[in-house]
Amino acid sequence: MALTPPLPQDLLLVGASGDLAQRKLIPGLYNLELDGLLPPEGSIIGYARHGLTDDEFRNFAADAVKRHSRRPFEETAWSSFARRLTFISEEDGGLGAVAERCRQPRRLAYLAIPPSAFMTYIRLLADHGLVDGTRIVIEKPFGNDLATANQLDSELHQYFHEDQIFRIDHYLGKETVQNILVFRFGNSLFERVWNRDAVDHVQITVAESIGVEGRGQFYEEVGALRDIMQNHVFQILSLLTMEPPSSFRAEAIRDEKAKLLESIPPVDPRAVVRGQYTTGALGDQIARGYRDEPDVSHASNTETFVAMRLNIQNWRWEGVPFYLRTGKRMPETVTEVTVVFREAPIRFFSELPEVSRLRPNQLSIRIQPEESITFSFLAKEPGPEVRVQPVRMHFSYLEAFGAPPPEAYERLLHDAMEGDQTLFLRADGVEEAWRIIEPVLSQMPPLRFYAAGSWGPPQIDDLIEPRRWRLQ
């Protein structure tokens, strides 16, 4: 179904001068303008603690678009977009002034702020009459553990109903993540083998070559387990393994995701490896260690890498191990799912000289940077001798459709303005994700170290033994 412009509404960006707004939100809204997918009427109100004039905010936004938009800056589109932009700070009357400037009966309030400030601004929205007609977008992590997530959820529901709350995980806005459902349930060939009878194990890797990028204080509070594993990785896992929903309605999909997470027992801390990067090399550049980053303690025990093994206790997946890992300062930035199928029971290849190099069939779904799906299988080389090697069938979004997919935030901003919660997290799903890692948070495994530019601590090989990581 083609997207259409949302109903008239104002958009409030709390934290509008911050990094998220500059890199993702403002460029995303600009691209919606290019596509004619912003509301026909409504202002975009920037809000932050310190003041900018409207013109200064427009200059800030123009720079953000020029630097970070996936499409080039166009004067005509910019002029139309810029007319929507206005700015209010706490010094200029705070949210009381925002309430006076909102002209539409509907509004979307995006909290692009640290998690510790969520409830402060939620209460301020309520104090200034900005609850009725408001949908609110909350960034991850939602809470710091199971107890704080439940507390935040309880306080949030004192002011907003569940259908007003949009807990965002931008990975769910990526085309390749959404395509997992179509790939699984629209292709009977794969759905028939998507179970314990055919699958040996599954790997999910979310790797970043960057470090903490000036967010040392934030990362010291959060770490890789809370920042990526509890949300991004578990959301990919739930879409990859859940049962078919009864329809593509938001609640049908979110029901199945919640059921899947409910079937995962709490992770044993002994099945977890925590790591922290030290000084190393990425290409021809020397990367400093995490403890040498600004605003990071020289004795920090915060993990920048985490790998774990878990199981899903249901009929489809019983006995299939899942290996999950995420880390910073990896050799490359890549998010990939690999489904490794069981080896064929036929052993007449055992006498071939290259038998040690043969691998089981693998399906790899690359979520970023180049969105693609690859299936590897065995084939005979041309010639009189029987020589076998792996070959690939490869699908690329760019090659198939002639254009890269839109940025995740564009889709999610549009859906939030429309009130479509399909790609957003529900309270029970968030709670289940925290429950799964609660033992690890209570009994953190020892910290291991790895050089920047490597694939993590050597202990991760023991975690997956006798198998091996696809990316290594």
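Reader: How many helices and strands are in the chain?
Author: The chain has 14 helices and 17 strands. Helices (H or I, at least four residues) and strands (E, at least two) are DSSP runs, numbered from the N terminus.

Reader: How compact is the chain?
Author: Its radius of gyration is 24 Å, close to the 23 Å from the globule rule for 472 residues, so the chain is as compact as a globular protein of that length. That radius is taken over C-alpha atoms, and the rule is 2.2 Å times the number of residues to the power 0.38. Along the principal axes, the C-alpha atoms fill a box of roughly 80 × 50 × 45 Å.

Reader: Before we go on, where does this model come from and how are things counted?
Author: This is a predicted model: local features need pLDDT of at least 70, side-chain atom pairs count only at pLDDT 80 or more, and totals for chains, interfaces and linings use all residues. Residues are numbered from 1 along each chain as its sequence is written, and side-chain values use heavy atoms, with hydrogens and water left out.

Reader: How much of the chain is buried?
Author: Buried residues make up 54% of the 472. Buried means under 20% relative accessible area, exposed over 50%, and partly exposed in between (1.4 Å probe, protein chains only).

Reader: New topic. Which residues of helix 6 are buried?
Author: In helix 6 (residues 146–156), they are Ala-149, Leu-152, Asp-153, Glu-155 and Leu-156. They cover an arc of only 165 degrees around the axis, which puts them on the same side of helix 6. The arc is that of the directions from the helix axis to the C-beta atoms.

Reader: What covers them?
Author: The cover includes helix 5 (118–127), strand 5 (134–138), strand 6 (165–167) and helix 13 (427–442).

Reader: How many residues of helix 12 are buried?
Author: Helix 12 (residues 408–418) is mostly covered, with 9 of its 11 residues buried. Among them are Tyr-409, Leu-412 and Met-417. Their cover includes helix 1, strand 4 (107–111), strand 5 and strand 6. Just after helix 12, Gly-419 takes a positive phi of about 85 degrees.

Reader: Now Ile-168. Is Ile-168 buried or exposed?
Author: Ile-168 is buried, at 2% relative accessible area. Its place is the loop between strand 6 and helix 7 (175–186).

Reader: What does Ile-168 touch?
Author: Leaving aside neighbours within four places in sequence, the contacts of Ile-168 include Tyr-110, Val-137, Tyr-409, Leu-412 and Phe-424. Ile-168 and Phe-424 are 256 residues apart in sequence, but their C-alpha atoms are 5.3 Å apart.

Reader: And where is Leu-310?
Author: Leu-310 is in strand 11. Leu-310 is buried, with a relative accessible area of 3%. Not counting residues up to four places away in sequence, Leu-310 touches several residues, including Phe-234, Ile-264, Val-320 and Phe-322.

Reader: Is Glu-33 buried or exposed?
Author: Glu-33 is buried, with a relative accessible area of 16%. Glu-33 sits in helix 1 (residues 19–34). Beyond residues up to four places away in sequence, Glu-33 touches Leu-38, Ala-77, Ser-80, Phe-81 and Arg-84.

Reader: Which residues other than glycine have a positive phi?
Author: Glu-213 is one, at about 50 degrees, and Asp-295 is another, near 65 degrees. Most residues other than glycine have a negative phi, and most peptide bonds are trans.

Reader: Where is Glu-213?
Author: Glu-213 is in the loop between strand 7 (199–207) and helix 9 (216–241). Glu-213 is exposed, at 54% relative accessible area.

Reader: And where is Asp-295?
Author: Asp-295 is in the loop between strand 10 (285–287) and strand 11 (305–311). Asp-295 also counts as exposed, at 57% relative accessibility.

Conventions:
Contact means heavy atoms within 4.5 Å.
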